[in-house]
Amino acid sequence: MDKFEKIEAYFNEEHQYKNAIGILRDIVLKTKLEETYKWMFPTYTLDNKNVLSICKFKSHFGIWFFNGVFLSDPKNVLRNAQEGKTKAMRHWKFTSIEQINKNAVLGYINEAIENQKNGRILAPAKASKEIIISELLSKKLTDDNKLKKAFDVFSNYKQKEFHEYIVTAKQEKTKLKRLEKILPMILKGIGLNDKYR
């Protein structure tokens, strides 16, 4: 199924908010945004940059503004998409079709478009190059030079996966069990999640 078929399927699926998301789509299509399909949602872009998505769920529907943090939000309707994790995205949730004020929605969309044109975007923070290694793994690496050399070959991302695998265990015995599991993997050059990639 190509992206256009996915978009049509999304809007034509029988759903309690089918008509409501259709109205949001009609509003967006009056703008210069390009319609595409990403992350299982119709997504609207400007010069291939994400501006917004239309979403539907069991108890609400709405619009995700990818750089909504920069919107003036005169109606005070925008919420952080995931408090504590999301920096830029803001979500305008609706629970009924009657809540849609077409002019207000279009105003927010046009402001989001202008912000995108003017480069008002929140770039993702650069990940720190320094990798924190769990105390248990660090001790093993210090004691075993062969293990240390094998570990150093892994990318920062894969090193971090090993670290998190150990520290996310709640009990000390589980941490030790996990450590014993990954040591042979490290020596063989096998990443923790390589079999899933």
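Guide: A salt bridge is a side-chain nitrogen of Lys or Arg within 4 Å of a carboxyl oxygen of Asp or Glu. In this predicted model, Glu-8, Arg-25 and Glu-35 are linked in a network of such salt bridges.

Visitor: Why is the contact between Arg-25 and Glu-35 called a salt bridge?

Guide: The N to O distance between the side chains of Arg-25 and Glu-35 is 2.8 Å, and the definition asks for a nitrogen within 4 Å of a carboxyl oxygen, so the pair counts as a salt bridge. Arg-25 belongs to helix α2 (residues 18–28), while Glu-35 belongs to strand β1 (residues 34–38), ten residues apart. Both residues, Arg-25 and Glu-35, are buried.

Visitor: What makes Lys-158 count as buried, exposed or partly exposed?

Guide: Lys-158 has a relative accessible area of 22%, and because buried means under 20% and exposed over 50%, Lys-158 is partly exposed. The value for Asp-194 is 25%, which by the cut-offs of 20% and 50% makes Asp-194 partly exposed as well.

Visitor: How do you know that Lys-158 and Asp-194 meet in a salt bridge?

Guide: Their side chains come to 2.9 Å, N to O, and the limit is 4 Å, so the pair qualifies.

Visitor: What separates Lys-139 and Asp-143 along helix α4?

Guide: About one helical turn separates them, because Lys-139 and Asp-143 are four residues apart in helix α4 (residues 135–143). Their side chains meet in a salt bridge of 3.0 Å, N to O, and both Lys-139 and Asp-143 are exposed.

Definitions and conventions
Residues numbered from 1 in each chain as written. Predicted model: local features only at pLDDT ≥ 70, side-chain atom pairs only at ≥ 80, totals over all residues. Heavy atoms only, no water. Helix = DSSP H or I, 4+ residues; strand = E, 2+ residues; numbered from the N terminus. Buried < 20%, exposed > 50% of the residue type's maximum accessible area, 1.4 Å probe, protein only.
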